[in-house]
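Hi,

Here's the structure I promised to pass on. Have a look at it first, then read my notes below.

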Amino acid sequence: MKTEKTTAQEQLNLIEQTIAQAKENLSNHSFAFIYLGWLVSLTSLVNYALLNFSPLGNNSYLIWPVTSILGVVFIVGYYKKAEKTESHRTHLEYFLSRMWIVIGLVLVLFSVLSPFIDLNPWFFFPLVAGIGTIVSGVVLKFNPLIFGGMVLIGFPFYSMFINESSLLLLYASVIMVSYLVPSYALRRYRA
């Protein structure tokens, strides 16, 4: 084994490079939250319009599996392309990307299966997404995401006081508060 002696200046340069690589620009993590926030809130609003103003009625809920699959295909493609252009990925970026891939796949799976199984999507989906959002906020040390996750986790409980026809409007509002507001703040945030 060969040992190399480095000068003090080389050691300082190595330390500076390590710090520069480890320093996160948290705004890089905002895209997925912005994209998913708009996708889910707009899907909820379109679902509300189709449910109340079209002959589709309860079949309008089929918009969810369609937008879920399209959304996952887009976001996976976006991050695959981004991985090719990045010079390095931190452990934090790796963890968050893999956590959201798992959460996304679980949500898509249950979105596709929900017409065939007895699953209350108004309980399950916000709960799972809220847990992921809180974990992201804790890992990134970004309190608005933690708050957004708590709003999502609380949705199943305060949605019980809303009539069925307004549930989709409330859900769109909750997604805007829990994803869009924190993600636009995250976009402007510099670590």
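**What I found**

In helix α4, Leu92, Phe95, Leu96, Met99, Trp100, Ile103, Val106, Leu107, Phe110 and Ser111 meet Phe124, Phe125, Val128, Ala129, Gly132, Thr133, Val135, Ser136, Val139 and Leu140 of α5. Contact here means heavy atoms within 4.5 Å. The residues of this contact are 16 nonpolar, four polar and no charged. (Ala, Val, Leu, Ile, Met, Phe, Trp, Tyr, Cys and Pro count as nonpolar, Asp, Glu, Lys and Arg as charged, and the others, Gly among them, as polar.)

Before going on: this is a predicted model, where local features need pLDDT of at least 70 and side-chain atom pairs pLDDT 80 or more, while totals for chains, interfaces and linings use all residues. Residues are numbered from 1 along each chain as its sequence is written, and side-chain values use heavy atoms, with hydrogens and water left out.

How do α4 and α5 pack? Helix α4 (residues 91-113) and helix α5 (residues 121-140) pack at about 175°, with axes 10 Å apart. The axes are lines fitted to C-alpha atoms over the stretch in contact, and angles run from 0 to 180 degrees between N-to-C directions. That makes α4 and α5 roughly antiparallel (the cut-off is over 145 degrees). Helices, by the way, are DSSP runs (H or I, at least four residues), numbered from the N terminus.

The buried residues of α5, among them Trp122, Pro126 and Gly137, pack against α2, α4, α6 and α7. Buried means under 20% relative accessible area, with a 1.4 Å probe and protein chains only. Just after α5, lysine 141 has a positive phi of about 55°.

In α6, the buried residues include Leu145, Val151 and Phe155. Among the elements that cover the buried residues of α6 are α2 (30-53), α5 and α7 (167-188).

Now the rings. There are 13 aromatic pairs in the structure (Phe, Tyr or Trp rings, taking the six-membered ring of Trp, with centres within 6.5 Å). Phenylalanine 33 and tyrosine 179 form one that is edge-to-face, 5.5 Å centre to centre with 85° between the planes (over 60 degrees counts as edge-to-face). This pair links helix α2 to helix α7, its partners 146 residues apart. Both phenylalanine 33 and tyrosine 179 are buried.

Leaving aside neighbours within four places in sequence, serine 68 is in contact with Val108 and Ser111.

Cheers

Technical notes: Helix = DSSP H or I, 4+ residues; strand = E, 2+ residues; numbered from the N terminus. Parallel < 35°, antiparallel > 145°, perpendicular 65-115°, else oblique. Buried < 20%, exposed > 50% of the residue type's maximum accessible area, 1.4 Å probe, protein only. Phe/Tyr/Trp six-rings, centres within 6.5 Å; stacked < 30°, edge-to-face > 60°.
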